[in-house]
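Have the sequence and the 3D view open as you read.

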Amino acid sequence: MRTTVQVPEENARPLNPPQQQVARPGKRRQLMTAPKTQAEKSTKRKKIIITVVMVVVVLAIVAVAAFFIKQLIESKYYFCSKSVKFIPLEKACDGKEDCSGAEDESACVTKFGVNSTFPLRLMTTRNVLQIFRPDENKWKSVCADSFTQQHAETACQQLGYSAKPTFSAVQVGILPTDLKMSFCTVGSSKPQTFQSTVSDLKVCSQGAVVALTCSAECGLSRNQDRIVGGQDAIIENWPWQVSLQSVGQHTCGGSLVSPHWVVTAAHCFNGEGKKALIRWKVVSGNTYLGSAGASSVDKIIVHKYYISGRNDYDIAMIRLQSPITVGESRRPVCLPPQDLGLKGGDSLVVTGWGHLTEKGNVSPKLQKAQIPLIDKAQCSSPTVYGASLTPRMICAGYLTGGVDACQGDSGGPLVYSYGRWMLVGVVSWGLGCARQDRPGVYTNMDQMLDWVHSVMQEYQ
């Protein structure tokens, strides 16, 4: 018997049928683009860089133009902020009210005189602290008994500058006679003023008095070793030297004596056009003359007894709006103690950017000159300056001429080194520059310390 085999029908259905695609709105196939070449990328980067550079250059040009326009305006006009108007700069500080509220007459050079003896002082190279007792009209040395760091800080703040003050004891037996005649001691309570807790003593129980140093940072320079006949110098060696600039022009020198204060000469502000504070900037920290590092001026105080033409009491002080940051190129010089004991022939140093020759040009780079102190009797002789010399003046230089301060050095420092550099004089006047028998004359800081401390206390 034959059997019949059934052949299955061919099935066209695939084993793995694809899923039916349902079109979704919003889905589009991205067009394929050729990748950018390296050259195209480089060109794009160059365009961006050029655009950025052009923007920076334009902004720089605008900033520079604005700076010079501002300088030009400030050199010619004073802006009255209350009445919103400009007046010629010469009308500021001329004694007439040209702005509403007398605004133009308020920010001006002021005069200040001392009516009483400043109650504290440091004496001789040992820095012996003394207190003035007005009821006895007598100075008394402060005994080391019960003296603390708090007393040191209070005394130094009263003297005008306190930066890590230090003190030590000095045996009475080695002191000059005038420092061991009268004594006083301090109380234990925290004083408002140093002299408020003082009581008199006949002798110091420890046999010692206080030697006080108000600043651990003044008078230091990297080198511990218009000037005519001078040498190039760098600011790091004379970091207290500053340039006083009137409407952008170097006019005088000056000396930092604290982060807030500069000592200079009163004659730098002669003339009505130089009375407005807005004219002035103090530039510090530069070896070469320039405007970098300029500080704005808050006050200018001239000695009350200074009279133009007489040269006596030729001293002024400038208070900065913001304190300088003390560093290698900006550092105060030390104020000297009274009765430092300088004598003729002692070596001093004067610095500045003044004229290199009489009627010459200012020096673009800081200059220094080492010169000797001239004996007072010799400098006041008829063949030198005669009766023109007062107790507020000292002479330094060579009677043979050749080395001297000159125009543009005015107000700058004359310093002496005794462990630290101390400001002993301020460049004041002289007949010509570096002439024979016409040495430089300087304001005598020993006679001006009472006024300097009073100014710093009055305007602190």
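A polar contact here is a pair of N or O atoms within 3.5 Å, where one must be able to donate a hydrogen and the other to accept it. Keep in mind that this is a predicted model.

With that in hand, let us visit Thr390, found in the loop between α3 (376-379) and β21 (393-396). Its side chain makes a polar contact with the side chain of Asp312, at 2.8 Å. Leaving aside neighbours within four places in sequence, Thr390 is in contact with Asp312 and Lys376. Is Thr390 buried or exposed? Thr390 counts as buried because its relative accessibility is 14%, and buried means under 20%.

Next comes the largest cavity, with a volume of about 40 Å³. Its lining includes Ile235, Tyr288, Leu289 and Trp353. Two strands, β13 (241-246) and β16 (280-284), each supply at least two lining residues, and the largest share, three residues, comes from β13. By residue class, the lining divides as follows.

| Class in the lining of the largest cavity | Count |
|---|---|
| Nonpolar | six residues |
| Polar | six residues |

Finally, turn to the largest nonpolar core, which has 49 residues. Phe269, Met317, Ile318 and Met445 touch the most other members. Elements giving two or more residues to this core include β13, β16, β17 (294-303), β24 (420-429) and α4 (445-458). The most comes from α4, with seven residues.

Note on methods. Residues are numbered from 1 along each chain as its sequence is written. This is a predicted model: local features need pLDDT of at least 70, side-chain atom pairs count only at pLDDT 80 or more; totals for chains, interfaces and linings use all residues. Side-chain values use heavy atoms; hydrogens and water are left out. Helices (H or I, at least four residues) and strands (E, at least two) are DSSP runs, numbered from the N terminus. Buried means under 20% relative accessible area, exposed over 50%, partly exposed in between (1.4 Å probe, protein chains only). Contact means heavy atoms within 4.5 Å. On a 1 Å grid over the protein atoms alone, a cavity is a set of points where a 1.4 Å probe fits but cannot get out, and a pocket is an open set with protein on both sides within 12 Å along at least five of seven lines; lining residues have an atom within 4 Å of a point. Grid points are joined across faces, edges and corners, and a volume is the space filled by probe spheres set on the points. Ala, Val, Leu, Ile, Met, Phe, Trp, Tyr, Cys and Pro count as nonpolar, Asp, Glu, Lys and Arg as charged, and the others, Gly among them, as polar. A nonpolar core is a set of buried Ala, Val, Leu, Ile, Met, Phe, Trp, Tyr and Cys residues joined through side-chain atoms within 4.5 Å.
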